[in-house]
Amino acid sequence: MKSRSILSCQKVTVSFDGFRAVQEMSMELAPGELRFLIGPNGAGKTTMLDAICGKVKPVGGSVEFNGRRGKVDVTRRKEHEIAQLGIGRKFQTPSIFSGLTVEENLEIAMSQNRSVWAALRASMKPRDRERIDAELALIGLSHKRQLRAGLLSHGEKQWLEIGMMLLQEPEILLLDEPVAGMTDKETEKTGELLQEIVRKRTVVVVEHDMEFVRNFASKVTVMHEGKLLKEGTMDEVQRDDRVAEVYLGR
Ligand code: ADP
């Protein structure tokens, strides 16, 4: 029997003034899966993530989220509603508060609302504190908790933002090129972090760095000109002639 999908995208089409950036794109995610979405520049990968998280509205097709609260058709839901339902999106540029410490950034993320932060700080329960400590350990920033976030390295800023997202308990995390601009060491640590995250959550990663993708025994979805070109293991994808032609330039 086919296992349950946590996310089911069926024939999703996104149009910008008549230009179809995503065309009848279908994709199913199993719970706990780490899925890579790859393809040449302009293939429609970012737009596909935008369609899932509600940043753009598809003109055709559907996106169904089957999380803890049951099946929800999120195709035409608002972005903040989709986030609240449990689909978190991280963009390429981190949106952290540079003037605040690492720990304060996590406190804000936990409150999900800047205006209640002060109140929350006063009433932070021991359990909340433990959650923040656990998240700091996961993202490898326990020793930098009192440092101003603006002083972190590029990689550390990305991890902080991932930690902030995790505190909002998403069931699905959508990451757009998380290792772009990272050093080799940071890239390696990000790989380890992703392996930890998928123990409890489902993750979709848009990625350019093929060396990075090869480190995982994950399913890969290849897009080209807005469409699904191929889906399979990295080996299967690389053996495909069409993929070699459009993506690997052979
Ligand atoms: P990828 O992430 O695979 O590089 P994108 O999803 O960013 O591709 O873009 C797919 C296509 O859609 C590109 O041709 C891009 O120029 C176009 N596009 C993306 N966003 C917009 C937009 N807001 N308005 C018009 N065209 C867009």
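This is a predicted model: local features need pLDDT of at least 70, side-chain atom pairs count only at pLDDT 80 or more; totals for chains, interfaces and linings use all residues.

Trainee: Okay, and how many bridges join β1 to β4?

Mentor: Five, between β1 (residues 7-16) and β4 (residues 60-67), and the two strands run antiparallel.

Trainee: What order do the strands take in that sheet?

Mentor: The order is β2-β1-β4-β5, an open sheet of four strands with antiparallel pairing. At the edges sit β2 (19-29) and β5 (70-73), each of which pairs on one side only. On average, neighbouring strands here are turned by 20 degrees against each other, ignoring direction.

Trainee: Remind me, what do strands pair through?

Mentor: Backbone hydrogen bonds; strands of a sheet can pair that way either parallel or antiparallel.

Trainee: Which strands does helix α1 lie across?

Mentor: Helix α1 (residues 45-53) lies across β1, β2 and β4. Its angle to β2 is about 65 degrees.

Trainee: Switching topic: which residues touch the most other members of the largest nonpolar core?

Mentor: Those are Ile52, Leu160 and Leu174, in a core of 60 residues. Helix α6 (residues 154-166) gives the most to this core, contributing six residues.

Trainee: Let's zoom in on Leu160. What does it touch, leaving out residues up to four places away in sequence?

Mentor: Leu160 touches Ile96, Val102, Asn105, Ile139, Leu141, Ala149 and Leu152. Two of those names come up again in helix α3, where Val102 and Asn105 are among the buried residues.

Trainee: Nice link. How many residues of α3 are buried?

Mentor: Eight of the 10 in α3 (residues 102-111), so to speak a mostly covered helix. Besides Val102 and Asn105, the buried ones are Glu103, Leu106, Glu107, Ile108, Ala109 and Met110.

Trainee: And what share of the chain counts as buried?

Mentor: That's 39% of the 250 residues.

Trainee: Zooming out, how many helices and strands are there?

Mentor: The chain has 10 helices and 10 strands. Its radius of gyration is 18 Å, close to the 18 Å the globule rule gives for 250 residues, so the chain is as compact as a globular protein of that length. Along the principal axes, the C-alpha trace spans about 55 × 40 × 40 Å.

Trainee: Last one: what percentage of contacts between residues at least 6 apart in sequence join residues at least 24 apart?

Mentor: In this chain, 67% of them do. Enjoy exploring!

Note on methods. Residues are numbered from 1 along each chain as its sequence is written. A nonpolar core is a set of buried Ala, Val, Leu, Ile, Met, Phe, Trp, Tyr and Cys residues joined through C-beta atoms within 7 Å. A residue is buried if 20 or more other C-beta atoms lie within 10 Å of its own, exposed if 12 or fewer, and partly exposed in between; C-beta atoms are placed from the backbone. Two residues are in contact if their C-beta atoms, placed from the backbone, lie within 7 Å. Two strands pair if DSSP finds at least two bridges between them. Axes are lines fitted to C-alpha atoms, for helices over the stretch in contact, and angles run from 0 to 180 degrees between N-to-C directions. The radius of gyration is taken over C-alpha atoms; the globule rule is 2.2 Å times the number of residues to the power 0.38.
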